Amino acid sequence: AEMLGYWDQACPVRTDRAEVLATVYRKPGRSLIALAHWPSSAAPKPTGTAPRAARAPIVDGELDEAEWSGAARLTRFHRLGTDETPLAAIEARVTHDGERLYIGFRCEQPGGKPVAATTERDGTVWLDDAIELFIAPTPGERTYYQFVGNARGVFADLKAMDLTWDGSWIYRVHVSDGWWTGEVAVPLPELGIAFADGVEMGLNVGRDRQGGGHELSSWAPVRNSFH
């Protein structure tokens, strides 16, 4: 059956309550509708302010402290479906230069080097050790963009669940013993965001941890899926 998730613009079923979501599994002559009730009060949404950088970070994966010293820090991450802190720590930083949003991150990697088997763009990078970014041009609306980059520097980019959409991201990583870092330059105009100081957007940062133990975590709490 074809899955049309609640995040998909083509999903034929909507509910009249924002916290009740519908996913449709459709095949010729039949459909299955799955409903989920995710009360917003159970998962408060964090907020942050990304200051303008005096000089844009150099996107080389190194996460140089001098380049990111004034950036917003996202430090309170949650294991998927819980309010528990991840076993392997992650921190993200966010800034901008008036043209692009810059997101840097540092992932602790106990138990050896990260897994990074995918080598082609738009491959299954989410099965590797990877970072996932979700950006909604208008908070609360269903249109969003997804970026998934692995510890090899390979990424997939999607508009909702559409892998045919491509953006001009810049992404670099650096792997060391016990951790790995990465930096992303986000092309906001291509995401339909008229960028200016004070503009609001929806953002979540997720992590897929594979090497040394499977674990999913994100900055904004989510239940069953990053989506």
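Me: Which residue in the turn of the hairpin of β11 and β12 has a positive phi?

Reply: The model is predicted, so local features need pLDDT of at least 70 and side-chain atom pairs count only at pLDDT 80 or more, whereas totals for chains, interfaces and linings use all residues. Residues are numbered from 1 along each chain as its sequence is written, and side-chain values use heavy atoms, with hydrogens and water left out. Strands are DSSP runs of E with at least two residues, numbered from the N terminus. β11 and β12 have two residues between them, and the residue in the turn with a positive phi, of about 95°, is glycine 178.

Me: Which residue in β12 stands opposite valine 173?

Reply: Two strands pair if DSSP finds at least two bridges between them. β11 (residues 170-176) and β12 (residues 179-186) pair in the antiparallel sense over seven bridges. Opposite valine 173 stands glycine 182.

Me: How many of the eight residues of β12 are buried?

Reply: Buried means under 20% relative accessible area, exposed over 50% and partly exposed in between, with a 1.4 Å probe and protein chains only. β12 also pairs with β7, in the antiparallel sense over eight bridges, and there tryptophan 179 faces glutamate 108. Strand β12 is mostly covered, and the number of its buried residues is seven.

Me: Is arginine 106 buried or partly exposed, and with what relative accessible area?

Reply: Arginine 106 belongs to strand β7 (residues 101-108). Not counting residues up to four places away in sequence, it touches Leu63, Ala89, Ile90, Glu91, Trp179, Trp180 and Thr181, contact being heavy atoms within 4.5 Å. Arginine 106 is partly exposed because its relative accessible area is 34%.

Me: Why is arginine 93 classed as buried?

Reply: This arginine lies in strand β6 (residues 90-96). Leaving aside neighbours within four places in sequence, arginine 93 is in contact with residues including Glu65, Trp68, Arg73 and Tyr102. Arginine 93 counts as buried because its relative accessible area is 8%.

Me: Which side chain does a polar contact of 3.1 Å join to that of arginine 93?

Reply: A polar contact is a pair of N or O atoms within 3.5 Å; within protein, one must be able to donate a hydrogen and the other to accept it, and residues adjacent in sequence count only if both atoms are side-chain atoms. At 3.1 Å, the partner of the arginine 93 side chain is that of glutamate 91.

Me: Which strands stand at the edges of the open sheet?

Reply: Six strands form this sheet with antiparallel pairing, in the order β5-β14-β13-β8-β9-β10. β5 pairs with β14 (residues 215-218) over two bridges, and the bridge partner of arginine 79 in β14 is serine 217. Each edge strand has a single partner, so one side of each is left without a neighbour in the sheet; these strands are β5 (78-79) and β10 (155-159).

Me: Which residue takes a positive phi in the hairpin of β2 and β3?

Reply: β2 (residues 20-27) and β3 (residues 30-37) pair in the antiparallel sense over eight bridges. Lysine 27 stands opposite arginine 30 in β3. Two residues lie between the strands, and the one with a positive phi, near 85°, is glycine 29.

Conventions
Helices (H or I, at least four residues) and strands (E, at least two) are DSSP runs, numbered from the N terminus.
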